[in-house]
Amino acid sequence: MIRSVVLGCGSYLPAQALTNDALIEARKIDSSDEWIQRRTGIKQRHIAAEGEKTSDLATQAARAALSDAKLTIVDIDMIVLATTSPDDALPATAAKVQANLGMDHGFAFDVQAVCSGFVYALTIADNFIRLGQARHALVIGAETFSRLMDWNDRTTSVLFGDGAGAVVIGAREGQGTNDDQGILSTHLHSDGRQYDLLHTDESRCVRMNGKEVFRHAVINLASVVDEALEATGFKPEEIDWLVPHQANQRIIDGTGKKLGLPAERVISTVALHANTSAASIPLALATAVLDGRIKRGQIVLLDAMGAGFTWGAAVIRW
Ligand code: ACO
């Protein structure tokens, strides 16, 4: 059976990093570093420069992932870009990335599942590969979420950041068992009845009922992680790394605890990146792979939850 193996990963962060104090000062927000750190774990976020677009961030992350995979754009059959902050309403931001990378074959499209976008995009690309419709796919999560902020709304403006992460996945022969290298299972969910709890208003600014989002996040993440364990038959102690969506350290800790994983086996980058929506998981993955924590052969569990609501998980033997 064909498996999608992660062949390389990369990331890109805009040059400007703003600490909580610097953001509060620059945007005149009625908040404090102490409040933000205590409630969310966030210390700083990167903010895209004027004129720097989601496609620019995505292109940089994609180049890094291609180089890590030791492949060139000629090898890539499809690009799937998860984003909530596209360059334009149309065409897809993935089309711009395709052009930026000099890719004149194959196909490229966007996926919109907000903070679960990367898990959705990875699932879609995995299915294309396992069906034999693509051999190599570039899967990207990229956001300029700072452009969706009402800086006067302190309940959202301190939570988000900009960035991009990418992986290259490729078809490899497997035996159909958990010993195979590659993506072993994926699980997607959505519940559109919760649309209004986290959405953009008529001026394209994020509005959120933080308490309700928090409550649903804890419940949905726990259930999809259980589902992934049940589907694969792995016990929690067999998971080497949890790479969760990076929204809030308290949500990350909650999921890790529920799994019984020590904090050292949960990848957290929320302190430095804040919530970069669809970019958060590939950014965290790239961080932990490139610093040597995640190694070949280990079991990695991704989980995500976002507006919609959407949520999902993926189990990968790295
Ligand atoms: N600075 C200072 N005070 C603030 C700020 C701020 N930035 N924001 C809110 N407050 C105040 C509130 O006004 C409130 O004051 P009051 O008690 O006088 O009314 C007080 O802090 C407590 O507010 P709550 O909303 O009850 O704070 P809570 O403990 O729920 O934390 C938070 C808020 C951090 C947003 C939390 O609800 C959360 O993390 N929710 C999850 C949201 C999330 O991560 N969304 C991202 C997208 S979805 C996803 O990625 C999972």
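1. A friendly place to start is Asp-226, which at 40% relative accessibility counts as partly exposed (partly exposed lies between buried, under 20% relative accessible area, and exposed, over 50%, with a 1.4 Å probe and protein chains only). Please keep in mind that this is a predicted model, where local features need pLDDT of at least 70, side-chain atom pairs count only at pLDDT 80 or more, and totals for chains, interfaces and linings use all residues. Residues are numbered from 1 along each chain as its sequence is written, and side-chain values use heavy atoms, leaving out hydrogens and water.

2. Asp-226 forms a salt bridge with Lys-258, and their closest N and O atoms are 3.5 Å apart (a salt bridge is a side-chain nitrogen of Lys or Arg within 4 Å of a carboxyl oxygen of Asp or Glu). Asp-226 belongs to helix 7 (residues 210-232) and Lys-258 to helix 8 (residues 249-259), so the pair ties together parts that are 32 residues apart in sequence. Helices (H or I, at least four residues) and strands (E, at least two) are DSSP runs, numbered from the N terminus. Lys-258 counts as exposed, at 55% relative accessibility.

3. Salt bridges that share partners also make one network here, joining Asp-150, Asp-153, Asp-201 and Arg-207. Across the whole structure, the search finds 11 salt bridges.

4. Another pair to look at is Asp-30 and Arg-154, whose side chains meet in a salt bridge (3.4 Å, N to O). This pair links distant parts of the chain, 124 residues apart: Asp-30 sits in the loop between helix 1 (20-27) and helix 2 (33-40), and Arg-154 in helix 6 (residues 154-157). Asp-30 is exposed, with a relative accessible area of 57%, while Arg-154 is partly exposed at 45%.

5. Within helix 5 (residues 117-130), Arg-130 and Asp-126 lie four residues apart, about one turn of the helix. They form a salt bridge, with the closest N and O atoms 3.2 Å apart.

6. Finally, do visit the strands. Strand 2 (residues 16-19) and strand 3 run antiparallel, joined by four bridges (two strands pair if DSSP finds at least two bridges between them). Leu-18 has Arg-45 of strand 3 as its bridge partner. In a regular strand, side chains alternate between the two faces of the sheet. Strand 3 (residues 44-47) is covered on both faces: Gln-44 and His-46 on one side, and Arg-45 and Ile-47 on the other, are all buried.
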